[in-house]
Every structure is written in structure tokens, then in C-alpha cells.
Amino acid sequence: MRTPSVVAIGAANIDINGYSTSALLHEESNPGRVELCAGGVARNIAENLARLGVEVELLTALGGDGLQRLIIESCRAAGVGYSYCAVDVTMPSSFYMAVLDCTGEMDVAVCDMSLADKLLTPAFLKSKRDLLEQADILVADAGLLRDPLCWLTREMGHKKLFLDTVSIKRCDNVEGLLPFFHTVKMNGHEALRLAGESSGREPTPQEAVQLAGEFVRRGQTRCYITLGRNGVAFAQRGGSCGHLPALPVTVRGASGAGDAFMAGAVYGELRGMSLEQTARFATAASAVALSSLSTVSADMSVQSVSRWLAGPLQEGTQLG
């Protein structure tokens, strides 16, 4: 068995993405294109990392409805390890169904994580302790229930723990746990929710920098708050904070951009990059994802990210 640099823990779904070819009409049938593919935050992060040349193992839950072969085949094709996954052949796969508008932005999505909720338990994670101890970085997504997330922070707190907060709804799973993670990646809506605001608005870049600074003052080492077209805010405990605008990219599909960013953040940490270098690399990785219709771009590689970095890259706004 190989020794992974990263273990990604969480969702591996069957994604059903509906792309509208015109402006969406709600409560109506909209013409477009429907795509079935492997997805899930942890799986997407793992595939992006593998395409960046990182040895990565995926700890997820697999069902027995036949569709799990899409997840297995995607792991094989990208070089993601999957031999430690939990399996229940009596249950269907996890599903994520999204509707995207004609600009590639997600309008609404529904996620069924019943399989992962049943199988990805503290007892399962405990049985994989040896694997978890081998990795340099552990990446979890907040699609995990609170009990396994608590187990990770309690039993694996000596490791570099990374967390993707996934969605506003899933933020409840990590309430009070953020200080125990080394690095947390969230979007603006999730950041406001975790800061105690439930307005549903998007923070300004200045507000996001302040929020990132507050999160790291509470305990974690690094925080990234992605803001879509408004770039990313970032902060590091005892160090700098700042903001980078987004790269000028034609969006073909927004699904998976945050997962690519998280993979870039993990890659930067593995390679010893500074906070701003990591934010730049992760922003460029996100641009690779946004340029593709697929949830994970087949073009994802260090070379592709480097081409974006060599282009008209933003000047960072250093705020601290």
C-alpha cells in the first residue's frame, strides 16, 4: 500500500447537473443539457489533488446500486486511492442534483447524503486510524455529521486538519469546531453564517478580510473566504491578511470551483508556499475549474495552473 500525502474524508456523490441553455424560468420546464458524473466535495478535492500530482486517498461511502462504478472509475482514472472506503451494497449511492443557469452559475441544488450519514461514523474513522496517521494533511468536508467531525478534531488534532464548510446548511455541523482545524475554506455566505449572521447576503471583500482575521484569531492557522467574482479573502494567525480579486475567466460551469480552490490550498501547504502564494495558486486552480463544464476539469494540472499564474494575474490588496 502506498503512503498518501493527503486523506480526503467525506462525500462522493453521483452528480446530476442540469445546464439551462437560456434564462431559467422557475416552476417551468427549461430546455438544456443534463450530465451524470462523479462528484462530492471530498471526492472532487481528492481528484483535483491527484491531477496536481499529490498522492491522495479517499475515505468515503459507496453504495450498491451500480452507479458507484462512476465514482470508482473516476478515482482510477485520476489516480485517487479508494481501497479504504466504507461500503453498503444494500443502499443506493449518495446523490447531488443541481440546476445551473445559462451563465454557468448554480441556481439551486439538493443533496442526499443518507449513505454517508450511515457509514462515515466515528467507529469507521477509528478503524482507519493507521491510514489517517500516515498522511501529512487530512481534508474533511462538513457534509460529515457532527459526531465524526468531533472525532477528527479530538483524535486527529495533532495533524494538519483542513475543512471545507460545504454549504450554509452544513455549517451547523461545525459550530464551535473551527478553532481545532489548521485551515478552513468557506464562501462568503457560509462565513457570515459561522460569524452569527443569517441575512443570506454576500460580504464585501473588506468585510470578508475582517471575518477571516477574526476566524484565525479564534484558533485556526489559515482561513480562506471565497467570494466568487469578487475574489478571495485570506488571513493567517499571527501574520498577514488580504484580498485577491478573481481572475478574468469565462465561466463554463461553476460547480466544483470551490473544491478546486481547496485542492490548491492543500497543494500550497504541502509545497511550503506562503499565505498569499497559496491564495494565488488556489485562485488559479479555481479558474481552471471554472473554464470547464465538468465538475473536475480534465485539464487540471500544475502546468495548467501555472499558465493562469503567468497570465494577467491580479495585484493583491494587502490589508494587514
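Let's start with lysine 160. This residue is partly exposed, with a relative accessible area of 33%. One caution before we go on: the model is predicted.

What does lysine 160 pair with? Its salt-bridge partner is glutamate 269. The closest N and O atoms are 2.6 Å apart. Where do the two residues lie? Lysine 160 is in strand 10, residues 160–164, and glutamate 269 is in helix 9, residues 257–270. So this pair ties together parts that are 109 residues apart in sequence. And glutamate 269, buried or exposed? Buried, at 14% relative accessibility.

Stay on strand 10. Aspartate 164 lies there too, and lysine 185 lies in strand 11, residues 183–187. Aspartate 164 and lysine 185 form a salt bridge. Here the closest N and O atoms are 3.1 Å apart. The pair ties together parts that are 21 residues apart in sequence. Now check the burial. Aspartate 164 has a relative accessible area of 2%, so it counts as buried, the cut-off being under 20%. Lysine 185 is buried as well, at 5%.

Next pair: glutamate 197 and arginine 201. Their side chains meet in a salt bridge, 2.7 Å from N to O. Glutamate 197 is partly exposed, at 26% relative accessibility. Arginine 201 is partly exposed too, at 33%.

Some salt bridges share partners. Which residues do they join? Arg43, Glu47 and Arg51, in one network.

Last, the total. How many salt bridges are there? The count comes to 16.

Terms used
Residues numbered from 1 in each chain as written. Predicted model: local features only at pLDDT ≥ 70, side-chain atom pairs only at ≥ 80, totals over all residues. Heavy atoms only, no water. Salt bridge = Lys/Arg side-chain N within 4 Å of Asp/Glu carboxyl O. Helix = DSSP H or I, 4+ residues; strand = E, 2+ residues; numbered from the N terminus. Buried < 20%, exposed > 50% of the residue type's maximum accessible area, 1.4 Å probe, protein only.
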